[in-house]
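Please keep the sequence and the 3D view open while reading.

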Amino acid sequence: MITCKKVQELLSDYLDDDLKEAVCENVQKHLKDCPDCMIHVDSVKKVIRLYREATDTSMPVDIQIRLHDVLKKAREESEEETT
Ligand SMILES: [Zn+2]
């Protein structure tokens with residue numbers, strides 16, 4: 001049985017279907033027995049779906065998050081330059 005912490009570490013890969021089948025099964029087993037993680041996964045899934053609808057992309061989740069951070073930082077920096 002894997003831990004809640006491990007499930008959260010694996011979450012973005014799990015949602016991207018990037019996990020090996022055996023690992024994926026372990027996550028699914030954990031979710032069946034752990035309502036807390038199930039709720040967490042559900043809410044993350046919702047955020048990802050909203051984000052994908054808003055940005056109209058199918059990039060991997062972690063890249064989307066990284067890209068979002070980069071764009072945000074770039075915007076902040078350019079705002080600093082113009083003011
Ligand atoms: Zn859990």
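Ser12 has its place in helix H1; helices are DSSP runs (H or I, at least four residues), numbered from the N terminus along with strands (E, at least two). The model is predicted: local features need pLDDT of at least 70, side-chain atom pairs count only at pLDDT 80 or more, and totals for chains, interfaces and linings use all residues. Residue numbers start from 1 along each chain as its sequence is written.

- Ser12 counts as partly exposed because it has 17 C-beta neighbours inside 10 Å. The cut-offs are these: a residue is buried if 20 or more other C-beta atoms lie within 10 Å of its own, exposed if 12 or fewer, and partly exposed in between, with C-beta atoms placed from the backbone.
- Ser12 is in contact with Val61 and Asp62, leaving aside its neighbours within four places in sequence. Contact means that the C-beta atoms of two residues, placed from the backbone, lie within 7 Å.
- Ser12 and Val44 are 32 residues apart along the chain, and their C-alpha atoms are separated by 9.1 Å.

**H1 against H3**

- The axes of H1 (residues 4-15) and H3 (residues 35-55) come within 11 Å and cross at roughly 30°. H1 is therefore roughly parallel to H3.
- Axes here are lines fitted to C-alpha atoms, for helices over the stretch in contact, and angles run from 0 to 180 degrees between N-to-C directions. Angles under 35 degrees count as roughly parallel, over 145 as roughly antiparallel, 65 to 115 as roughly perpendicular and the rest as oblique.
- H1 passes H3 in a right-handed crossing. A crossing is right-handed if the near helix is turned clockwise from the far one by less than a right angle, and left-handed if anticlockwise.
- On the H1 side, Cys4, Val7, Leu11 and Leu15 take part; they meet Asp36, Cys37, Val41, Val44, Lys45 and Ile48 in H3.
- This contact of H1 with H3 has 8 nonpolar, no polar and 2 charged residues. Ala, Val, Leu, Ile, Met, Phe, Trp, Tyr, Cys and Pro count as nonpolar, Asp, Glu, Lys and Arg as charged, and the others, Gly among them, as polar.

**H1 against H2**

- H1 and H2 (residues 21-33) pack at an angle of about 120°, with their axes 11 Å apart. H1 is therefore oblique to H2.
- The crossing of H1 past H2 is left-handed.
- Val7, Leu10 and Tyr14 in H1 meet Val23, Cys24, Val27 and His30 in H2. The residues of this contact divide into 6 nonpolar, 1 polar and no charged.

**Nonpolar core**

- Which residues make up the largest nonpolar core? They are Val7, Tyr14, Val27, Cys37 and Val41, 5 residues in all. H1 and H3 are the elements that give two or more residues to this core.
- A nonpolar core is a set of buried Ala, Val, Leu, Ile, Met, Phe, Trp, Tyr and Cys residues joined through C-beta atoms within 7 Å.
- In soluble globular proteins, nonpolar side chains tend to be buried together.
- Cys37 lies in H3. Cys37 is buried because 20 other C-beta atoms lie within 10 Å.
- Not counting residues up to four places away in sequence, Cys37 touches Cys4, Val7, His30 and Leu31.

**Exposed positions**

- Asp17 is in the loop between H1 and H2. Asp17 is exposed, with 8 other C-beta atoms within 10 Å.
- Phi of Asp17 is near 60°, a positive value in a residue other than glycine. Most residues other than glycine have a negative phi.
- Ser43 lies in H3 and counts as exposed, with 10 C-beta neighbours inside 10 Å.
- Ser43 and Val23 are 20 residues apart in sequence and 21 Å apart in space, C-alpha to C-alpha.
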